[in-house]
Amino acid sequence: MTGPLRLWGVGLALLAVVTVVHGTGCTAVTRDTPKTIQVTIEGVAFGSIDGPIKVGDTIEWINKDPIDHTATDKAGAWDVVVPAGKRARVVLRDAGTFEYYCRFHPNMTARVVVTGR
């Protein structure tokens, strides 16, 4: 075999070796990758959170209002300013239920429930 046919044959042989090696005792490891959950702030209100939230996930607030807001946990876990038209993030390090509000507009309230990994 010469030229392109030889390269093709070598490629098939390598594929067979990789398949055999991978199939003998190797175990695929799945990893629960942290997610970013986006919460829109619009009309002087926090948007809802869909789906489960786990320790290690990130909340990203997106402020679509023309005024600044905060996302302030009532128990002190976090306090971030979300400037008008900008975004701010917090990595959730603990499990629990977190009630939060905007320090500038205390009628803006929300809650996030964080479960363990």
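**Aromatic pairs and their setting**

Tutor: A search of the whole structure, which is a predicted model, finds five aromatic pairs. In one of them, the ring centres of W61 and Y100 are 5.6 Å apart and the planes stand at 70°, so this pair is edge-to-face, the class for angles over 60. W61 belongs to strand β3 and Y100 to strand β7, so the pair ties together parts that are 39 residues apart in sequence. Both W61 and Y100 are buried. Y100 also forms a pair with W78, and that pair is tilted, with 6.0 Å centre to centre and 55° between the planes. Here too distant parts of the chain are linked: W78 sits in the loop between β4 and β5, Y100 in strand β7, 22 residues apart. W78 has a relative accessible area of 8% and is therefore buried. Y100 has a relative accessibility of 0%, so it counts as buried as well. Ring pairs join F46, W61, W78, F98 and Y100 into a cluster.

The largest nonpolar core has 21 residues, and F46, W61, W78, Y100 and V112 are the ones that touch the most other members.

Strand β3 is part of an open sheet of three strands, in the order β1-β3-β6 and with mixed pairing. β1 (36-41) and β6 (87-91) are at the edges and have a single partner strand each, so one side of each has no neighbour in the sheet. From one strand to the next, the twist averages 20°. β1 pairs with β3 (residues 58-63) in the parallel sense, over six bridges. In this pairing I41 is opposite N63 of β3.

I59 is another residue of strand β3. Its relative accessible area is 0%, so I59 is buried. Leaving aside residues up to four places away in sequence, I59 touches I37, V39, I49, A88, R89, V90, L92 and V112.

Strand β4 (residues 69-73) pairs with β7 (residues 96-101) in the antiparallel sense over two bridges. In that pairing D73 stands opposite Y100, the residue that forms aromatic pairs with W61 and W78. β4 also pairs with β5 (residues 79-82), in the antiparallel sense and over four bridges. T70 is opposite V81 of β5. The hairpin of β4 and β5 has five residues between the strands, and G76 in this hairpin takes a positive phi near 95°.

Which way do the side chains of β4 point? In a regular strand the side chains alternate between the two faces of the sheet. H69, A71 and D73 point one way from β4, while T70 and T72 point the other way, and all are buried. Five of the five residues of β4 are buried, so this strand is largely enclosed by the rest of the structure.

A last point concerns confidence. The pLDDT of the protein chain averages 82, and 74% of the residues score at least 70. Over residues 10-30 the pLDDT is below 50, and beyond near neighbours in sequence this stretch has one contact in the model.

Conventions. Residues are numbered from 1 along each chain as its sequence is written. This is a predicted model: local features need pLDDT of at least 70, side-chain atom pairs count only at pLDDT 80 or more; totals for chains, interfaces and linings use all residues. Side-chain values use heavy atoms; hydrogens and water are left out. Two strands pair if DSSP finds at least two bridges between them. Axes are lines fitted to C-alpha atoms, for helices over the stretch in contact, and angles run from 0 to 180 degrees between N-to-C directions. Buried means under 20% relative accessible area, exposed over 50%, partly exposed in between (1.4 Å probe, protein chains only). Contact means heavy atoms within 4.5 Å. A nonpolar core is a set of buried Ala, Val, Leu, Ile, Met, Phe, Trp, Tyr and Cys residues joined through side-chain atoms within 4.5 Å. Rings of Phe, Tyr and Trp (its six-membered ring) pair if their centres lie within 6.5 Å; planes under 30 degrees apart count as stacked, over 60 as edge-to-face and the rest as tilted. pLDDT is the predictor's confidence in each residue, from 0 to 100.
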